[in-house]
Amino acid sequence: MIFWNRRVWLCLAALNGLLAVGFGAFAAHGIDDPKAAEWLRTGSTYAFIHSFAIFAAALVASLGAHRARWAPGFFLAGALLFSGSLYAMAFGAPRWLGMITPLGGLSFMIGWAVLAWASLSLQAD
């Protein structure tokens, strides 16, 4: 079992960013279907943004807001559910898979709420 520490979260964030760039490039250069290209662009945009959110959560946690350590799991789950479902549909998965996409969006939102909550525990300047 993987021990979920900051190093693992940051590595997964970087891999998520790598995949986001790859799927975004494929949307721009490797696919002809406009709907599929749009799904790939949307999925890669959200995945990429949330890669940075994981790095931000690590920074906030290192500043003393230890509750921020919960946010990366929500951000990565969001990337898997939201972006992953869009990627899958772009490559031919059934459209009903789109019912999973909002769960990923909800996971992203929970991650941001956790990060905001954690930030409130920091001392004011």
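1. Ground rules. This is a predicted model, where local features need pLDDT of at least 70 and side-chain atom pairs count only at pLDDT 80 or more, while totals for chains, interfaces and linings use all residues. Residues are numbered from 1 along each chain as its sequence is written, and side-chain values use heavy atoms, with hydrogens and water left out.

2. Ser51. I'd start with this residue, which sits in helix 2 (helices are DSSP runs of H or I with at least four residues, numbered from the N terminus). Leaving aside residues up to four places away in sequence, Ser51 touches Ala13, Asn16 and Gly17. Ser51 is buried, at a relative accessible area of 4% (buried means under 20%, exposed over 50%, partly exposed in between, with a 1.4 Å probe and protein chains only).

3. Helix 1 against helix 2. The two axes come within 8 Å and cross at roughly 160 degrees (axes are lines fitted to C-alpha atoms, for helices over the stretch in contact, and angles run from 0 to 180 degrees between N-to-C directions). The crossing is left-handed, meaning that the near helix is turned anticlockwise from the far one by less than a right angle. By class, this contact has 16 nonpolar, seven polar and two charged residues (Ala, Val, Leu, Ile, Met, Phe, Trp, Tyr, Cys and Pro count as nonpolar, Asp, Glu, Lys and Arg as charged, and the others, Gly among them, as polar).

4. Helix 1 against helix 3. Here the packing angle is about 20 degrees and the axes are 11 Å apart. Helix 1 is thus roughly parallel to helix 3, and the crossing is left-handed. From helix 1, Trp9, Leu12, Asn16, Ala20 and Phe23 meet Pro72, Gly73, Leu76, Ala79 and Tyr87 of helix 3. The tally for this contact is eight nonpolar, two polar and no charged residues.

5. Helix 2 against helix 4. Helix 4 spans residues 101-119, and packs on helix 2 at about 20 degrees with the axes 11 Å apart. The pair is therefore roughly parallel, again with a left-handed crossing. Tyr46, His50, Ala53, Ala57 and Val60 of helix 2 meet Phe108, Trp112, Leu115 and Ser119 of helix 4. Seven of the residues in this contact are nonpolar, two are polar and none is charged.

6. The cores. The largest nonpolar core has 16 residues, and Ile31, Trp39, Leu40, Leu86, Tyr87, Met89 and Ala90 have the most contacts inside it (a core is a set of buried Ala, Val, Leu, Ile, Met, Phe, Trp, Tyr and Cys residues joined through side-chain atoms within 4.5 Å). Helix 1 (6-29), helix 2 (34-62) and helix 3 (71-90) each supply at least two of its residues, with the largest share, six residues, coming from helix 3. A second, separate core of 15 residues includes Ala53, Val60, Phe75 and Ala118.

7. Phe26. Buried or exposed, or in between? This helix 1 residue counts as partly exposed, at 33% relative accessibility. Not counting residues up to four places away in sequence, Phe26 touches Ile31, Leu40 and Phe91. Phe26 and Gly98 are 72 residues apart in sequence and 20 Å apart in space, C-alpha to C-alpha.

Terms used
Parallel < 35°, antiparallel > 145°, perpendicular 65-115°, else oblique. Contact = heavy atoms within 4.5 Å.
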